[in-house]
Amino acid sequence: MAEREFSLSDALTQDFLTCKICLQKFQKPKILPCLHTYCESCLEKMIVDNRLRCPECREETEVCQGSGSLKTNFFINGLLDLVHSSSESDLTCILCPLIKSNINQNATSRCLDCSDNMCHTCASGHRCSRLTHDHQIVDIHDYLAGKYDVEIRKRHAVKCQIHKGEHLRFQCKSCCSVICRECRLDEHFNHECLSLSEAVEIHKPVIQELLKGVEGNLQLISKVKTAMEENLQKLKAQDTSIRQIVQETTSKVITHLLCHQQDIQKKLDDFVKEHEKVSDHLRSDLDLQDMVARSTMTFAEKVFSLGNEIEILSLEKMITERLQQLQNFRWRAVQEASAGLVISGDLHSSGKLFQLSLISSQQSTHEMGMVPCSQPATQRGQIDSISISPTPSCLMPKPRFLSSFRAKVYSDKKRPRVTGICFSGPQEILVADEENKNLKRFSLQGELKGKLSLSNNKAPCGIATLGKYVVYSAASNLCLVNDDGGIVWQKVLPDTQATHAITAVGTKQVAVSISGYVEVYNLDGEHVNRIVPQDEYDRKFVFLTCNRKGHFVASDWFRRNVIVFNESGKIISTCDEKGLEGRQPGAVSVDEDGNIYVTIHETSKVIMYSPNGKFQGEFLSTVNGIERPRVTAILDKTYFAVALNSGTIHIFRF
């Protein structure tokens, strides 16, 4: 470590020579054990019960005999001697009054040995004396300018407080005190003493080594403070992230619970109303039968009570037939209905949904409470992790019906056959009609916004938008067209399958399925990548989409399942067989959370899987008006579109 060198100008600063209590130049500077220096009179006012607390570092010192008993700071005193008057006119000759001269001559010179200011005449006489002829006399202007400050520091000698006029020349090793010549011959006569230069040479290396240690501690303090600030910033970022996750998850749970509440209440209302309807019908029939039976019984009883034999016999046959008819009356009893509720899970336990882990290892100490930065993070008291355990399963979104319309327009000659749907702009969708060989643009409410006739007269199948361009597959061709339907470029695809599924990859690339692998092209029609799933199975991808992570989701007709794989071909997950039940999967769509929606044409259902392929349940069915669905698409993260065999398109809102 290189030693720092200080100049006199560094020490002779107003701040360094000013008492921090009275804010004036030091008067009788006294130094405390903590190395802070103050005026003797200032410290005297701060003594309470013989104890003195440093105003800067708060360290206490016991003072039994007042502040005068504290050690004088000779270093500060020596520097104060170098603080000169700012004007030469303030200095006069000190010898003129001694020779009884009535004229106060301005000082022009100063003797560095005697520390006397003299006029020109007295300075000349000072050089003529045998005792002072070798003294160094300098110009007063140069002296005030500080030109001789270094020389003065070398000549500076501190005088003994016991023996007046004697300079301190030795250090007593036994008493660890600086003494003069008289002190050495007196009470320190039998003690081992060193000259000041010898003592300094002995003590200076020890102090320098201690300075290195303190500087090392300062570096350590700086590192620890930096690490602490970084950890605090990290913790604050984790706090913000956790709060956001908790808020978003809670909102989703609340939304799900409210939808579930409405669904349960609707089912309960429908069940009760249906039972009321059936019960009302039966009650009406029973009330009528009750009234007829009672009136018949009353009539028969009156005939038997009040009629004679002829009257009874004349009515006997009619009464008998009527009573038999009433006796044989049967009704179909309404099945006993009941409603019950089972709460699954402990909804009252706050520890089930979120599990917050807070870790803070115990901090070790090193002398001043610091931890060496070479130690692991857990020993520095850092928080290793703040995490939230995943929710038990993804929440099934609730589809809400928005609109329904036919894809047929006035110029169509055939019934539409929708083979592709994609997002076309705010509140708009683009529909591929294979039968009429065109592309149509509709609003979400079914209003026709435009039609795009294809110049190559080919029937479109898969469809996707890439910025201002539209890309579609038709038989064994992949075409990129502009707003007018003009072909920008066209690629010939292998004829290994009748139709090719396509999907946009971001806004500048398109992926197309070729039997069991995927080809990727850019906007210039250049081949970018070929992605082959890394397994041993033969596959046939008939529908293809891409999630926000850039992973591909494909429905495989050969294997009768749905797989998720990345751009390297690594299979991320495979959807459960549950839900498909051995049937061939149809169109696939993926929402912002990575949930997968698979169309089952045979059962008229759209089922949902979690991002890791776990079956979640039915998303849409015949209850939602879904009959023989063909293709689906998620529009603007908010809407779910499904096209049916009949050419009808249903729009649902998540």
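Modeller: The protein chain has 9 helices and 35 strands. This is a predicted model. Buried residues account for 35% of its 654 residues. The accessible surface is about 40300 Å², and carbon and sulfur atoms supply 51% of that.

Now to the pair. Helix 8 covers residues 196-306, and helix 9 covers residues 309-327. Their axes lie 11 Å apart, at an angle of about 155°. Angles over 145 degrees count as roughly antiparallel. Helix 8 and helix 9 are therefore roughly antiparallel to each other. The crossing of helix 8 past helix 9 is left-handed.

Which residues touch? Helix 8 brings Q289, V292, A293, T296, F299, A300, V303, F304 and L306. Helix 9 answers with E311, I312, L315, I319, R322, L323 and L326. Sorted by type, the residues of this contact are 12 nonpolar, 2 polar and 2 charged.

Y148 sits in the loop between helix 5 (140-144) and helix 6 (149-155). Its relative accessible area is 18%. Buried means under 20%, so Y148 is buried. Apart from neighbours within four places in sequence, Y148 contacts L112, Q136, V138, D142 and Y143. Take V138 from that list. Y148 and V138 are 10 residues apart in sequence, and their C-alpha atoms are 8.5 Å apart in space.

One last figure covers the protein chain. Among contacts with a separation of 6 or more, 45% join residues 24 or more positions apart.

Notes:
Residues are numbered from 1 along each chain as its sequence is written. This is a predicted model: local features need pLDDT of at least 70, side-chain atom pairs count only at pLDDT 80 or more; totals for chains, interfaces and linings use all residues. Side-chain values use heavy atoms; hydrogens and water are left out. Axes are lines fitted to C-alpha atoms, for helices over the stretch in contact, and angles run from 0 to 180 degrees between N-to-C directions. Helices (H or I, at least four residues) and strands (E, at least two) are DSSP runs, numbered from the N terminus. Angles under 35 degrees count as roughly parallel, over 145 as roughly antiparallel, 65 to 115 as roughly perpendicular and the rest as oblique. A crossing is left-handed if the near helix is turned anticlockwise from the far one by less than a right angle, and right-handed if clockwise. Contact means heavy atoms within 4.5 Å. Ala, Val, Leu, Ile, Met, Phe, Trp, Tyr, Cys and Pro count as nonpolar, Asp, Glu, Lys and Arg as charged, and the others, Gly among them, as polar. Buried means under 20% relative accessible area, exposed over 50%, partly exposed in between (1.4 Å probe, protein chains only). Accessible areas come from the Shrake-Rupley method with a 1.4 Å probe; for residues, only the protein chains shown count as cover.
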